[in-house]
Amino acid sequence: MKLARFSTILAVLLLAASCTGHSLFRDGKTDYTIVVAPDAPESERYAAAELQFWLKEVSGAELPITDLQGGKKGKRLVVGYNSLLKELYPQAEEPDGSDDSFTLLSRGGDVLFWGGAERGTLYSVYSFLEDQLGCRWYSSKVSVAPKKASWSFGKLENHEEPGIIMRDNLYQDIIAHNDFAARVRNNSRRLPSIEPGKQIIGTAEGYWGAHSMGAFVPYQKYFDSHPEYFSELDGKRVKGYTQLCLSNPEVLQLCIDGLREVMRNEPDYLIYSMEQMDSHDFCTCDECKALAEKYGGQSGVMVWFVNQVADAVKEEFPDKFVGTFAYQYTRHAPKNIVPRDNVVIRLCSIECCMWHDYDECEDNKTFLKDLQDWSAIAPHLYIWDYVTNFSQYNLPVANWNTLQSHIKDFRDYHAIGILEEGDYHTLSCEMREMRTWILSKLLWNPEADVQSLIQDFTDGYYGPAGPFIREYLDLEERILRRPGIHSDCYISSSDPMYTDEFVQEGRKIFAAAKEAVASDEDLLARVEAAEMPLCFLLMEKDPVKGIQEGAADLFKRVVQREGIDRMSESGSAKRAQDYIDYYDKLTSAMDDAHLMPAQKASTSGNGVAFTRYEGFFKMTSDMFSGKGRVTGKGVLPAFTIDQDKDADHFGYVFDSWVKVEESGLHFVRISSDDGAVLFVDGEEVLNLDGSHFTTSGFAALNLEKGMHRLKLHYFEDYSGQELVMQVTTPGGYSGPIPESNLFVPGK
Ligand SMILES: [Zn+2]
Ligand SMILES: [Zn+2]
């Protein structure tokens with residue numbers, strides 16, 4: 001297909017009426033047949049099968065599928081542009097096979113469904129099932145087909161065109177379920193096949209690869225013999241995952257040869273990636289620097305390079321495109337050079353604030369300028385958009401009200417395609433089903449009414465809990481998007497926008513939501529999945545309370561039910577099971593915590609007494625074993641090493657009375673590099689001993705109100721150093737022990 005610029009593509013509902021007239025079915029019976037040409041493309045035969053299946057779900061009646069001969073007479077649903085359709089509606093123009101537009105039209109008692117053979121016809125069937133019969137495909141697992149005893153129609157006429165030509169959602173449900181992807185009109189995934197073993201490529205889809213350059217010139221193969229192929233940084237060529245030296249003609253030839261081979265071996269794609277690696281270390285050799293100077297920065301070097309690749313493959317692949325990133329250091333548009341006609345620029349919004357429109361806040365305004373600049377020079381612009389939190393997928397992300405304005409801006413600046421990057425390798429994103437569905441709807445029709453979509457989804461997917469979910473979304477809007485807060489796509493659970501009030505109010509709303517669906521196991525599971533982010537936040541803030549209030553249990557249930565593994569884009573970050581293990585350990589520590597009675601104390605003023613040691617320690621006990629010598633004594637305001645100027649080889653013994661305000665479970669968390677051991681009233685309660693990188697541990701202590709003696713042994717061996725001790729009290733305080741509660745032991 002051609003990547004024409006569609007400037008004003010709107011979903012147009014010309015006229016749709018459903019009134020008495022022609023009865024499609026009544027009491028499980030029908031006079032209709034579905035007609036599809038036997039030589040119709042597989043996607044149209046799949047469309048006929050989908051129409052038959054979902055109509056049966058709604059009506060109980062099975063419409064026979066017949067060929068053109070069988071469809072000569074009777075009442076017909078004609079699927080696809082074929083000779084019968086031309087006979088019934090001679091004005092119909094033959095659609096371009098790859099065009100996703102479609103028309104749905106009644107002619108007397110017949111209904112005609114047609115559009116581009118690859119997807120358009122299929123979409124006409126889905127639009128009929130959705131708009132006329134109320135079917136919904138909310139997720140790969142949850143479909144709605146409302147049961148009807150009868151249904152009649154008068155005049156049907158609907159024509160729609162996609163707002164965005166290439167529509168892709170990088171969410172698990174889309175990636176793993178081709179049938180669902182097709183139903184919500186994502187066209188960058190393969191259609192399912194009705195013929196075993198066959199897969200059909202759909203319309204505008206097929207963007208091969210990402211961050212692909214390194215694969216054409218692998219450093220493992222080339223660096224030792226040709227270090228000059230790779231990035232020069234500070235005068236030195238760098239071995240490893242790095243960018244290429246784009247001014248080197250041999251690098252260009254390797255990239256051309258490599259891409260050509262891919263295009264020959266995998267001919268089904270439309271756009272082929274020739275894209276920078278996911279790192280910042282572009283080459284700074286003299287030749288690359290000169291190119292950057294000439295073409296207005298690194299994007300100029302990239303376009304200069306990719307244009308040559310595009311020229312080299314054009315003759316053999318006249319209908320294909322070479323795609324390249326405008327990402328991070330190549331995000332600004334170049335000067336004195338423009339991309340070739342067969343180049344697609346894939347502009348990435350990774351630095352943007354998800355909370356605001358592009359003309360609203362400063363980070364976004366610079367992106368908007370880049371979007372405008374690229375739009376002015378790029379023959380084809382494609383957007384890689386970031387719509388979730390990649391640091392911690394399951395945190396609440398309050399961008400429901402900016403998704404649309406961002407997509408509209410992309411459309412207005414002539415984006416031919418949008419990839420919405422979500423939780424692509426896991427299932428843990430907050431309300432991922434609703435995100436996937438709404439994004440899909442907006443990519444098809446950027447003018448769709450988002451509030452209506454939210455209403456539709458929340459009522460349809462969460463049932464009687466729908467109004468509560470909307471109340472929770474309002475809470476997100478009110479607290480997380482309060483004035484002055486901006487948020488990119490890397491948010492931490494300790495971000496101050498996640499206030500205690502947000503978690504408490506949110507959990508109250510969810511308590512009512514769960515009550516509303518208590519008798520329905522499936523709906524309850526969906527509501528619990530939506531509440532999981534709040535439970536996670538509570539566990540981060542106050543794990544003792546979280547466990548007591550069932551947050552850990554809910555988290556565990558949802559993780560196990562949904563099969564959640566990763567919680568972050570980073571492969572090395574904690575997995576869902578790591579959190580469960582930690583919650584389990586904490587729960588048993590709380591169960592096991594014996595009452596520690598208050599002690600009789602003699603004190604002399606606020607603070608923590610310390611003794612400082614120096615020496616080569618591998619365990620805290622080494623401080624007292626003759627390996628260490630005392631180098632200082634005194635009083636500090638807290639259990640801390642922040643005041644210590646030495647980098648390595650020292651240790652501390654801290655000693656203080658602590659005033660406990662309220663009897664009950666106290667939670668102590670220590671992070672240390674290197675070893676630390678905590679004693680309370682003479683009992684060892686937490687042991688992180690040994691030489692190691694930062695390691696965290698906790699203790700659950702059942703402390704009686706009154707005075708308790710805390711001793712902390714700590715040492716630093718070599719490399720990094722850290723000591724952080726935080727407590728959570730039954731009264732809800734979380735943080736370091738306040739100095740006013742610490743007392744230096746008296747004589
Ligand atoms: Zn270079
Ligand atoms: Zn902002």
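Into which domains is the protein divided? There are three entries to keep in mind as you turn the model: domain 1 (12-161), domain 2 (211-316) and domain 3 (596-745). Please remember that this is a predicted model. The C-alpha centres of domain 1 and domain 2 lie 49 Å apart.

## The whole protein

Taken along the principal axes, the C-alpha atoms of the protein fill a box of roughly 105 × 70 × 45 Å. The secondary structure comes to 20 helices and 33 strands. Of the 747 residues in the protein, 45% are buried. Among contacts with a separation of 6 or more, 70% are accounted for by residues 24 or more positions apart.

Let us begin with strand β5 (residues 75-79). Four of its five residues are buried, so β5 is largely enclosed by the rest of the structure. Strand β3 (residues 32-36) pairs with β5 in the parallel sense, over five bridges, and Val36 has Val79 as its bridge partner in β5. Strand β7 (residues 110-115) also pairs with β5 in the parallel sense, here over three bridges; the partner of Leu77 in β7 is Val111.

Strand β11 (residues 156-160) has two contrasting faces: Leu156, Asn158 and Glu160 make up the covered one, while Glu157 and His159 make up the uncovered one. In a regular strand, side chains alternate between the two faces of the sheet. Strand β6 (residues 102-107) runs antiparallel to β11 and is joined to it by four bridges. One residue of the uncovered face, Glu157, is the bridge partner of Leu105.

Helix α1 (residues 42-59) contains Glu50. Is Glu50 buried or exposed? Glu50 counts as buried, because it has 20 C-beta neighbours inside 10 Å. Leu523 is 473 residues away from Glu50 along the chain, and their C-alpha atoms are separated by 26 Å.

## A parallel sheet of seven strands

The next sheet is open and has seven strands in the order β12-β20-β19-β18-β17-β16-β13, with parallel pairing. β12 (166-170) and β13 (207-208) stand at its edges with a single partner strand each, so one side of each is left without a neighbour in the sheet.

Thr366 belongs to helix α11 (residues 362-377). With 14 C-beta neighbours inside 10 Å, Thr366 counts as partly exposed. Thr366 and Tyr241 are 125 residues apart in sequence, and 29 Å apart in space from C-alpha to C-alpha.

Inside the order, strand β26 (residues 664-673) and strand β29 (residues 695-703) run antiparallel and are joined by nine bridges. Gly664 has Leu703 of β29 as its bridge partner.

How far does α20 reach from its first C-alpha to its last? The 17 residues of α20 reach 24 Å, close to the 24 Å expected at 1.5 Å a residue. Its buried residues are Ala576, Tyr579 and Leu586. They cover an arc of only 95° around the axis, which puts them on the same side of α20. Their cover includes α18 (543-548), α19 (551-562) and β29. On the other side of α20, Asp578, Asp581, Ser588, Asp591 and Asp592 are exposed.

## Strand pairs side by side

| Strand pair | Sense | Bridges |
|---|---|---|
| β3 and β5 | parallel | five |
| β5 and β7 | parallel | three |
| β6 and β11 | antiparallel | four |
| β26 and β29 | antiparallel | nine |

Notes
Residues numbered from 1 in each chain as written. Chains lettered and ligands numbered in written order. Predicted model: local features only at pLDDT ≥ 70, side-chain atom pairs only at ≥ 80, totals over all residues. Pairing = 2+ DSSP bridges. Buried ≥ 20, exposed ≤ 12 C-beta atoms within 10 Å, placed from the backbone. Expected span 1.5 Å × (residues − 1). Arc of directions from axis to C-beta. Contact = placed C-beta atoms within 7 Å. Domains from an automatic or database assignment.
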